[in-house]
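Me: Hi! I'm new to this one and would like a friendly walk through it. Could you help me get my bearings?

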Amino acid sequence: MSVFTTVLARDLRLALRQSADSLTVIAFFAIATVLFPFGIGPEANILARIAPGVVWVTALLAALLSLDRIFTVDFEDGTLDQLILSGAPLPVVVLAKVTAHWLTTGVPLIIMSPVLAVTLHLPAEGYVPLMLALLLGTPTVSLVGAVGAALVLGTRRGGVLLSLLVLPLYIPVLIFGTAVIEGAITGVPVTPLILAGFAILALTLCPWAASAALRQAAE
Amino acid sequence: MHRFANPTQFMRIANAIFPWVAGLAVILFVIGLPIALVTSPPDYQQGETVRIMYIHVPSAWLALMVYGTMAGGSAAFLIWRHPIANLTAKAAAPMGAVFTGLALVTGMLWGQPMWGTFWVWDARLTSFLILFFLYLGYLALGDAFEDSERGDKAAAILCLVGSINIPIIHFSVTWWNTLHQPSIMKLGGDGVKSSVDGSILLPLFVMLGAFTMYFFAVLILRLRSELLAAKIRNARLSQAAVGDALGQAAE
Amino acid sequence: MVRLMVEKTFTAQTFSGANLSCRRGGRLVFAGLHFAVPPGGALILRGHNGSGKTTLLRLMAGLTPSSAGHLAWDGQAIDDPDAHAARLRFVTHLDAVKPALTVAENLSFWMSLWAGKTNESALQKSLQAFDLKRFETFPARLLSAGQRHRLALSRLLVAPAPLWLLDEPGNALDDASLAALARAIADHRASGGQVVIASHGSAFVDDGMTLDVGAFTPTTAAHWSEEE
Amino acid sequence: MAEYFNMGGYAAWIWPCYGLVTLGLVGVLVTTLRGLNARTREFEALKSARRGDGA
């Protein structure tokens, strides 16, 4: 087996054995979304107007909560040292771990999103764009988040710090992610390809940046 | 290049140019402020509020230039391990945050008379708000480690990641802005464009120069301070080492 | 106890370091340190707390950069950390054991990462060497601290690598396990591998060279002169 | 004079702008100088303490 599949298989197996972690993230996604009608009022047209943004913002926050899972435990139990010393290219190891993170948080968020969109009265034509936008946007969220998660290893107050580092970098994904959905609803389509472009850019840069951060964390 | 990596030699050069930079800053402020505040005429569109531009635009320019300086310093630190490059980034960061904050505040105070509101989600204001958060993140990360050397490298990597993101963020915000608020007036841009006039350009350029020279002068002072902090830390650590060795000998 | 068969004879290369210095947190931990471990050799690192034994091991592994000097393999300066990493195994004070995986899964992960494939007979031999066979299907969370440490040590055997770096490998081990470790080290050296051990207590070898890391701690004057 | 300070009715925005910028720039300069002075003193104290030790 290649390095990528070996690491991916192990992380998926770990996530499966500790599936409560992933479920907590999904539960957070649901609860945070459901808070909005209480804060704003139950009028269907207002909720429909804000539904794309609400789903995206809560998805970003939910993903943020799960980011420290990518590296923190490995850093604390010595696995990170061994992974760096595996002789395998570290960016490949990072990419495998990010893929596992995306499969265990990004994908469940995508599957869960239409259910939450129903509670927010999202118009019918918004559902496919919603899932498509999340499908193309969440890989960037995991990739950029991995860089942040690697940078805060060994810090005090890592979680709060991580949100300060990563959330500003998520703004482009948020802008285009919601625009794709709103465009489909208002009939002025916005291409989702720009989200794919962000994902490709993140794919080419983030594994290297995260590797550099991991190496300095292990020094 | 490596000649500048030696802290002592670098500081010798920096200290030699310091009086010139500081003097130039003072002279430019002394010339620029009266022009900006008194002698320059009000703009035919914006009236007296154009005077805000003479400090808003330099603040905004430095907010960006400082981030560029930090990105360059961080890259040089990560690639060539130049300690001075890292100290430069570290010394510049709080100033960058202050300039970004000033650009935001002056932008808001300019927006109120122009648009009738302190805050609009204008592309430029929004981009600077995000830039401000990037500065805060950099400062917080550099400060979050027990071992300050670890924070240096982490902050340097973050700075480079941020510098790649700034154009993407600006592009996204601009696009988003045109999508949602096509009719809103652009801050600053129109002011400069609609009156490319010597009476406005002169105070603007003098103030740009004054702010830039101020930045370099204070940066040199901050670098001196950072180097001293490193020396003090080393001295303290060696005292701790000696104390430990004495303790061992006594045992 | 099954005595481990010598599977592979490593091509003989010397692992050495010249004029090594290391800074941690701004402090010069050691300076001007030299060492050389020939094939089949053993180097025991000694020194008081804070003398830098662990730092030196991490430097030897390529995790921590040296501020001066260099490491060499067969006389060639080591410049590719990944290539160097591929020829070493490093046992740290952290066991890198995943509690949610079984003992066998823990081992086979590292085996497939290092060797590119899993090999059942090598896995069984590694388990037997440290008497872990009966825990094979146990989730690692059920293991005691000593058993986890044995699991970490058994990783040394799942895929051969010539250079072993062991940081206090005797911690939390009972007498039988200490003997097993000593035997594993002897076999490894017999097949041409070398070992560097940081240890307070047992040296595990009777013919090793000793390096007192504490002797390379720089004086106060060195701290100051480096800055000024 | 009062007319000048009135800034064509925009005094409430222009003067705070200049005030805040002045505050920011002077503030950075002052904190920098204070930090530099404190560190210089600390370093000199350490140096003389070291000479005292004869180390």
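Reply: Happy to! Let's start with C:Ala96, which is buried, with a relative accessible area of 2% (buried means under 20%, exposed over 50%, and partly exposed in between, with a 1.4 Å probe and protein chains only). This is a predicted model, where local features need pLDDT of at least 70 and side-chain atom pairs count only at pLDDT 80 or more, while totals for chains, interfaces and linings use all residues. Residues are numbered from 1 along each chain as its sequence is written, chains are lettered from A and ligands numbered from 1 in the order in which they are written, and side-chain values use heavy atoms, with hydrogens and water left out.

Me: Where is C:Ala96 found?

Reply: C:Ala96 is in the loop between β6 (88–91) and α3 (103–115) of chain C. Helices (H or I, at least four residues) and strands (E, at least two) are DSSP runs, numbered from the N terminus.

Me: And what is its phi, given that C:Ala96 is not a glycine?

Reply: C:Ala96 has a positive phi of about 50°. Most residues other than glycine have a negative phi.

Me: New topic: which residues touch the most other members of the largest nonpolar core?

Reply: Those are B:Phe99 and C:Phe35, in a core of 210 residues. A nonpolar core is a set of buried Ala, Val, Leu, Ile, Met, Phe, Trp, Tyr and Cys residues joined through side-chain atoms within 4.5 Å. Another core, of 18 residues, lies apart from it, and B:Phe18 and B:Leu228 are among its members.

Me: What is B:Phe99 in contact with, beyond its neighbours within four places in sequence?

Reply: Its contacts (heavy atoms within 4.5 Å) include B:Leu62, B:Val66, B:Phe211 and D:Leu25.

Me: How many residues of chain B are in contact with chain D?

Reply: 37 residues of chain B are in contact with 26 residues of chain D. The two chains bury about 2900 Å² between them, and carbon and sulfur atoms give 79% of that. Buried area is the accessible area (1.4 Å probe) that two parts lose on being put together, summed over both.

Me: How many salt bridges are there between chain B and chain D?

Reply: The count is zero, where a salt bridge is a side-chain nitrogen of Lys or Arg within 4 Å of a carboxyl oxygen of Asp or Glu. On the side of chain B that touches chain D, the largest share, 15 residues, comes from α7(B). That side divides into 24 nonpolar, six polar and seven charged residues (Ala, Val, Leu, Ile, Met, Phe, Trp, Tyr, Cys and Pro count as nonpolar, Asp, Glu, Lys and Arg as charged, and the others, Gly among them, as polar).

Me: What about chain A and chain B, how many salt bridges there?

Reply: The rule finds two across that interface. The side chains of A:Arg156 and B:Glu146 meet in a salt bridge, at 3.4 Å from N to O. The side of chain A that touches chain B gets two or more residues from each of α7 (127–151), α8 (158–186) and α9 (193–218) of chain A. α8(A) gives the most, with 11 residues.

Me: And how much area do chain A and chain B bury?

Reply: About 2500 Å² between them, 74% of it on carbon and sulfur atoms.
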